[in-house]
Amino acid sequence: MAAAVLATACSKPPPAAAPPAPAEVAALTVSAREVPVTFEFVGQTESSQQVEIRARIDGFLEKRVYTEGSAVKAGQVMFLIDRKPFDANLAAANAELAQQQARLTTARANLTRVKPLVADHALSARDLDDATGQEQAAAAAVEAAKAKVTDAKLNAGYATITSPVSGLSSFAKVQEGAYVNASNSLLTYVAKLDPMRVNFSLSENEVLRVRAETAKGQLKGSDRAHYTVTLRMADGSIYPFPGRITFADAAFSQDTGTFLLRAELPNPKGDLHPGQFVRVSVYGFTRPNSIVLPQRAVQQGPRGYFVWLVDKDNKAAQREVEAGEWLGDNWLVGSGLKDGDRVVVDGVMRLAPGVPVKATAAPAVVIPTAAEMQASAAGAAGGTGAHVAAPAGGLGRVLFAKGSAVLDTRAKATLEQLAATMKASPSLHVTVSGYVDSDGSHAANTTLAKNRAVAVRDALAAAGVQADRIALRPPADIVGGADHDQARRVDIAEAAAR
């Protein structure tokens, strides 16, 4: 019996191993929406009005008055041609005019005497005709003499050559002492700098792609006047003054096969010069029914891009997607996802197909509007344009309504993302600075700026960030710039770890 019991005990299966703990991930429930997109091109600046400065008379170039390459004003004297011959011609013309006027006076006096004598039959009608003809001929000679005086004055005036526009001058093509005539009448150029034009081109393939996507409803455009243009300079800086498209060519260029577009931008400081190569960003297009994911959620494998999903059984599954344009720190997904799909954003390294997962909700993706995208781009310029530069080491910016220190939905989502970043980087400390627009009293604005900074600090603390990692830092000037919408804000910048 003991042997039987022992045999039975030895034949029992071992206890089942405990199932593995679900992988903890953060998942985002996606939904399609309309998002703004930006297209970039290579462009070249061009003067909005480049004028040739030419001599209109023949003569010796006496003096170059302007400094080559300097800015000149409309009406400023640039060259002087020796005017002594033209002053002599003007004096001769004035003398001839005086002579003809004297003859006209004599002819009129003679006609006045002849008329009553003819009426008394003391002179014949022929004498009256002769006197009338002489008076009319003298009057015509006076008009001809006046025309010569006008022509002589114009020629004398043309000896002083001025700029018809304000702009940047070029070098002198004819030197002092040279004889100027029709063969070398071009003296220099003046290029108007404000506004400045930027020419850029679309290839035929790009035009056809835009038309096809628009026809399919994948892309929405606007009329030409509503497209906004910003420039990125050769050193990567952003030109602070946006412009608009003002011209689209009627046909493709036969030389390049491209379609020419032109934009105009204000250039009040003369920072732009003709001939510069720039990157042109065009705002005004949107993609309807689009899904946007953080870039870290999109993986790349041998067969292309894919994402990890949390299926209905809370298990990991792969899904191939078509990745489109970047939208800031996010990726526009062209196809492969639908509303309601739960995409893993954080924790993808622990996943394999069929692995159980425990998903927590990831913060919603904040999609900037077209105006915010332009403000962000202009803010990077660091200039004194319409927008305010982001702080050094900037991690985020929160905008507020006028007179308010209350966080809206977009601001809360931004702070939730920042809080997740800070919790993942325990050494990261931040400073928080509040700003206001220029309206209101200084005392009230000081309080409002502080309340905005406190609201941001409290929101980060409520999201799980330790309070000692967040410092309030009053700015040197609480007025955040000339653009009121961008001035009402809080800037969050990285600080040294404590």
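**Helix H2 and the cores**

Author: The buried residues of H2 are Phe86, Leu90, Ala93, Leu97, Gln100, Leu104, Ala107, Leu111, Val114 and Val118, where buried means under 20% relative accessible area with a 1.4 Å probe, protein chains only. This is a predicted model, in which local features need pLDDT of at least 70, side-chain atom pairs count only at pLDDT 80 or more, and totals for chains, interfaces and linings use all residues. Residues are numbered from 1 along each chain as its sequence is written, and side-chain values use heavy atoms, with hydrogens and water left out.

Reader: What covers the buried residues of H2?

Author: The cover includes strand S5 (77–81) and helix H3 (125–158), helices (H or I, at least four residues) and strands (E, at least two) being DSSP runs numbered from the N terminus.

Reader: And which residues have the most contacts inside the largest nonpolar core?

Author: They are Phe200, Leu231, Val282, Leu293 and Leu337, in a core of 48 residues; such a core is a set of buried Ala, Val, Leu, Ile, Met, Phe, Trp, Tyr and Cys residues joined through side-chain atoms within 4.5 Å. Strand S13 (residues 277–294) gives the largest share of this core, seven residues. Apart from it lies another core, of 20 residues, including Ala55 and Val190.

Reader: Switching topic, where does Arg489 lie?

Author: Arg489 lies over the face of Tyr435, at 4.2 Å from the ring centre; the criterion is CZ of Arg, or NZ of Lys, within 6 Å of the ring centre and within 35 degrees of the ring normal.

Definitions and conventions:
Buried < 20%, exposed > 50% of the residue type's maximum accessible area, 1.4 Å probe, protein only. Contact = heavy atoms within 4.5 Å.
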